[in-house]
Amino acid sequence: SNITAMKKAISILLLCATVLLAAAAEPCRFQVAFDFGASVGFHQRYKTLKESPVADYESFVGVHRHLSLLYNINRKFTTGIGIGLDSYSIAPDAVPVFATFRHRPIQKRILDNFYYYTNLGYSLPFADSSNFAGGWLFDVGIGWQKNFRKHFGLNVQFGYALKEFRTYYGYANSPLGTAAFRLPDKYSLVRNSLVLSLGIVI
């Protein structure tokens, strides 16, 4: 009958539309991601100096801009490399180069957008510079990525960051806590932070 034929035609159209939408949302094998984030540290340590967020909260704030090239191995695993520019209110800036790895453990509707990630790298050293510092970095956390089109998606990450700064100048509070002054000495600073970032993936 006409009604039966119409139902079949509508079913076929809905099936085709579903397939097309799924294909449009499927990520490419290679993707480029730009993430902008902010960090709040809960502990940082110089060679002999310890600070706490209560004593100097502003010194723990950081801004991060990262550009990554991602390779989607399959639906579960993604790897890639990246470079960035990290700025801090009291610590030196950094240009990190890192490798990234992501794993999506749950392959179910909605939940397959969630993943956990880890980054491992080293900031580019600039000799005799008080503005940029080299040092190891390690990040771990959870993320959420939603691909609205094959070449466009949103990415959110929240995690823990461990960062080392190796440079020739340090900063510390004056005895009265009213200003910061430079310490003309080669030093190492280790910083522990929580990072929240938002980005786009193309």
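1. Starting with the fold: the protein chain has one helix and 11 strands. Along the sequence the pattern reads α-β-β-β-β-β-β-β-β-β-β-β.

2. A word on what you're looking at. This is a predicted model, in which local features need pLDDT of at least 70 and side-chain atom pairs count only at pLDDT 80 or more, while totals for chains, interfaces and linings use all residues. Residues are numbered from 1 along each chain as its sequence is written, and side-chain values use heavy atoms, with hydrogens and water left out.

3. Now the chain as a whole. Of its 202 residues, 37% count as buried (under 20% relative accessible area; exposed is over 50%, and partly exposed lies in between, with a 1.4 Å probe and protein chains only). The protein chain exposes about 12,100 Å², and carbon and sulfur atoms supply 70% of that. Those areas come from the Shrake-Rupley method with a 1.4 Å probe; for residues, only the protein chains shown count as cover. As for contacts (heavy atoms within 4.5 Å), take those between residues at least 6 apart in sequence: 60% of them join residues at least 24 apart.

4. The structure holds one cavity of 30 Å³ or more, and the largest cavity has a volume of about 340 Å³. Of the 26 residues that line the largest cavity, the closest to its centre are His 64, His 66, Asn 119, Asp 139 and Val 195. Here a cavity is a set of points, on a 1 Å grid over the protein atoms alone, where a 1.4 Å probe fits but cannot get out; lining residues have an atom within 4 Å of a point. Grid points are joined across faces, edges and corners, and the volume is the space filled by probe spheres set on the points.

5. Who builds that lining? Elements giving two or more residues to the lining of the largest cavity include β1 (30–45), β7 (135–149), β8 and β11. The largest share, five residues, comes from β8. By type, the lining residues split into 10 nonpolar, 10 polar and six charged (nonpolar: Ala, Val, Leu, Ile, Met, Phe, Trp, Tyr, Cys and Pro; charged: Asp, Glu, Lys and Arg; polar: the others, Gly among them).

6. Staying with β8, which covers residues 152–167, you'll find Phe 165 there. Phe 165 counts as buried because its relative accessibility is 0%.

7. The structure holds one salt bridge, meaning a side-chain nitrogen of Lys or Arg within 4 Å of a carboxyl oxygen of Asp or Glu. Glu 164 and Arg 166 form it, with the closest N and O atoms 2.8 Å apart. Glu 164 is buried at 14% relative accessibility, whereas Arg 166 is partly exposed at 43%.

8. Leu 137 sits in strand β7 and is buried, with a relative accessible area of 6%. Leaving aside neighbours within four places in sequence, the contacts of Leu 137 include Pro 96, Phe 98, Asn 119, Tyr 122 and Leu 162.

9. Last stop: Ser 193, in strand β11 (residues 187–201). Ser 193 counts as buried, at 3% relative accessibility. Beyond neighbours within four places in sequence, Ser 193 is in contact with residues including Ser 39, Phe 42, Gly 159 and Tyr 160.

Technical notes. Helix = DSSP H or I, 4+ residues; strand = E, 2+ residues; numbered from the N terminus. 1 Å grid on protein atoms, 1.4 Å probe; cavity = no way out; pocket = protein on both sides within 12 Å on 5 of 7 lines; lining within 4 Å.
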